[in-house]
Amino acid sequence: MGPQTLLGFHLLTARVVLLFARCSAVPVPRGHHVARALTPQTAETDAIRFLVGTQSLKYDNQIHIIDFDDENNIINKNVLLHQVGEIWHISTSPADRGVLATCYNKPSDSKVLTCAAVWRMPKELEPGSHESPDDSSSTAHSLELLCHLDDMAHGSTACVTWEPTGDGKKVISLADNHILLWDLQESSGQAVLASSASLEGKGQLKFTSGRWSPHHAGTQVATASDTTVRGWDTRSMSQIYCIENAHGQLVRDLDFNPNKQYYLASCGDDCKVKFWDTRNVTEPVKTLEEHSHWSQEPPRDGVIATYEEHEDSVYAADWSSADPWLFASLSYDGRLVINRVPRALKYHILL
């Protein structure tokens, strides 16, 4: 989340909803790949950079490194080959700009598992050329495999989340109904399973997403499974809070407020964004629905604008690590749209 903002995105719609801030957009024309996975390069705090992972059954999959020159309104791209499979989730190390993790599909005994691995980018990437709708000239670079985060006994991996304020040596992966804490050793070249916990209950319980809190000395993680949100203490891997029926339908994503240690936001297939105080999760602090509250005097809480630059379902949206007033959204057709908060509203919020 940005300093005073939360970005909400509606899955299975072609809209991006911005709470508290209006933006102008710079579209990145679509390529030949569909895509769901998007992340900022977390350790890069000087340049505006996003990574997009593709999903293709016909072609080798790729990671597109998107650099945005805010002053000149120019987008440059570099391409990394990801030949092991379709990318369902991507995340980057908070400490090393060259290290990232992907969750990808892999056939295994007549079924498909979603595996996870940690990779290193080339130390020096060639400058990307300016993106165009038919751009296919970018030289593709190879990724270096550092280690796998796979344990077939735990099933398919939904996502990998890094300890946000650490040295990039601790990650958590969510695999089916297991939450797994890994220690990355020897320059991330080896992953050791440090501890784990499992969901227990009726039915086939599976995690769908998770987020590591930047507060509490890195000891708390929030996870989503079906309509339930849970909090975990990473020191004991024990559950510290549980929000049953947090949403009327599947919970898609979570995020912590970077400035307020107890505040968590969630969004679900019920097209609602809910804000929670993790000290008392009996009821949400606030619930927002599209069109339920239009604010004409920002920065009141509420939706003040929707953006329809996308023509297909929006599957991801994320803030830049270098500029807290800029974000990107990604739709399934591979279209990335970069938006920024106007100066007038930015200063209105700050001052």
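Does Asp255 count as buried or exposed, and at what relative accessibility? What places Asp255 there is its 17% relative accessibility, so Asp255 counts as buried. Buried here means under 20% relative accessible area, exposed means over 50%, and partly exposed falls in between (1.4 Å probe, protein chains only).

The model is predicted, so local features need pLDDT of at least 70 and side-chain atom pairs count only at pLDDT 80 or more, while totals for chains, interfaces and linings use all residues. Residues are numbered from 1 along each chain as its sequence is written, and side-chain values use heavy atoms, with hydrogens and water left out.

As for the overall make-up, the protein has 29 strands and one helix. Helices (H or I, at least four residues) and strands (E, at least two) are DSSP runs, numbered from the N terminus. Of the 351 residues in the protein, 54% are buried. The accessible surface comes to about 16000 Å², and carbon and sulfur atoms account for 44% of that surface; accessible areas come from the Shrake-Rupley method with a 1.4 Å probe, and for residues only the protein chains shown count as cover. Taking contacts between residues at least 6 apart in sequence, 51% join residues at least 24 apart, where contact means heavy atoms within 4.5 Å.

Nine salt bridges turn up in the structure, a salt bridge being a side-chain nitrogen of Lys or Arg within 4 Å of a carboxyl oxygen of Asp or Glu. Side chains of opposite charge can pair when their charged atoms come close. One of the bridges joins the side chains of Glu44 and Arg97, at 3.1 Å from N to O. This pair links distant parts of the chain, 53 residues apart: Glu44 is in the loop between β4 (34–40) and β5 (48–55), and Arg97 is in the loop between β8 (87–92) and β9 (99–108). Glu44 is buried, at a relative accessible area of 10%, whereas Arg97 is partly exposed at 46%.

Back to Asp255, which belongs to a network of salt bridges along with Arg211 and Asp253. Arg211 forms a salt bridge with Asp253, with 3.5 Å between the closest N and O atoms. Arg211 lies in strand β18 (residues 209–212) and Asp253 in strand β22 (residues 251–256), so this bridge ties together parts that are 42 residues apart in sequence. The side chains of Arg211 and Asp255 also meet in a salt bridge, at 3.8 Å from N to O. Asp255 lies in strand β22 and Arg211 in strand β18, so the parts tied together here are 44 residues apart in sequence. Arg211 itself counts as partly exposed, at 24% relative accessibility.

Leaving aside neighbours within four places in sequence, Asp233 is in contact with Thr219, Ser238 and Ile240. Asp233 and Gln220, 13 residues apart in sequence, have C-alpha atoms 4.9 Å apart in space.

Leu351 lies in the segment after α1 (343–350) and is exposed, with a relative accessible area of 87%.
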